[in-house]
Amino acid sequence: MPQNIATAPIAAAGLIAGYGVAVASGSRPLGGLVLAACGLTCIAIWRARDGGRTAALLAAVGIVAFALSHLLGLVIGSWPAVLVVAAATAYACWRVSDSRRAAITAR
């Protein structure tokens with residue numbers, strides 16, 4: 001797995017595309033499959049690049065974001081909630097993992 005792949009856009013896209021596929025297809029499992037594919041890709045990258053602890057931490061961030069999107073959706077609507085948690089997840093991925101990768105490859 002290449003070490004220089006940014007995971008923030010993959011993680012955010014997984015949340016957004018997963019929800020979009022679920023809505024468009026009417027199949028929540030299909031949306032979950034999209035979300036899981038992106039999540040597992042990110043986990044593989046984090047594990048190879050940053051180790052198991054970081055991979056577990058960021059995987060937990062993604063799972064919590066997914067759960068929070070359901071609660072937040074009751075307050076601000078489904079799509080806005082998905083976009084908010086996708087942005088927060090992308091920031092966490094960038095801050096914890098991707099920014100280190102950028103610093104290393106810039107040297």
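## The largest pocket

In this predicted model, the largest share of the lining of the largest pocket comes from helix H1, which gives 6 residues. The lining counts 18 residues in total, and those that lie nearest the centre of the pocket are Tyr19, Ala22, Arg28, Phe66 and His70. Two or more lining residues come from each of the elements H1, H2, H3 and H4, and the space that lies in this pocket amounts to about 380 Å³.

Sorted by class, the residues that line the largest pocket are 9 nonpolar, 8 polar and 1 charged.

## The second largest pocket

The second largest pocket has a volume of about 280 Å³, and its lining is made up of 19 residues, with Leu35, Gly39, Ala59, Gly62 and Ile63 lying nearest the centre. Here H2 gives the most, with 8 residues, although H1, H2, H3 and H4 each supply at least two residues of the lining.

By class, this second lining holds 15 nonpolar and 4 polar residues, and no charged residues.

## Helix H1

Helix H1 covers residues 8-25, and because its 18 residues should span 26 Å at 1.5 Å a residue, the separation of 25 Å between its end C-alpha atoms agrees with that expectation. Just after H1, Gly26 takes a positive phi of about 75°.

The buried residues of H1 are Ala8, Ala11, Ala12, Gly14, Leu15, Gly18, Gly20 and Ala22. Of these, Ala22 is also among the residues nearest the centre of the largest pocket, while Ala8 and Ala11 are both touched by Cys93.

## The nonpolar core

The largest nonpolar core has 14 residues, and within it Trp46 and Cys93 are those with the most contacts. The elements that give two or more residues to this core are H1, helix H2 (28-50), helix H3 (52-76) and helix H4 (78-106). Helix H4 provides the largest share of the core, 5 residues.

When residues up to four places away in sequence are not counted, Cys93 touches Thr7, Ala8, Ala11, Trp46, Leu58 and Asp98; one of these partners, Trp46, is the other residue named for its contacts inside the core.

## Buried threonine and serine residues

Thr89 has its place in helix H4, and it is buried because its relative accessible area is 3%, which is under 20%. Leaving aside neighbours within four places in sequence, Thr89 is in contact with Ala11, Leu15, Gly62 and Ala65.

The C-alpha atoms of Ser97 and Ala65, which are 32 residues apart along the chain, are separated by 17 Å.

Thr54 lies in helix H3, where Thr54 counts as buried at 12% relative accessibility.

Methods: Residues numbered from 1 in each chain as written. Predicted model: local features only at pLDDT ≥ 70, side-chain atom pairs only at ≥ 80, totals over all residues. Heavy atoms only, no water. Helix = DSSP H or I, 4+ residues; strand = E, 2+ residues; numbered from the N terminus. Expected span 1.5 Å × (residues − 1). Buried < 20%, exposed > 50% of the residue type's maximum accessible area, 1.4 Å probe, protein only. Core = buried A, V, L, I, M, F, W, Y, C linked by side-chain atoms within 4.5 Å. Contact = heavy atoms within 4.5 Å. 1 Å grid on protein atoms, 1.4 Å probe; cavity = no way out; pocket = protein on both sides within 12 Å on 5 of 7 lines; lining within 4 Å. Points joined across faces, edges and corners; volume = space filled by probe spheres on them. Nonpolar A, V, L, I, M, F, W, Y, C, P; charged D, E, K, R; others polar.
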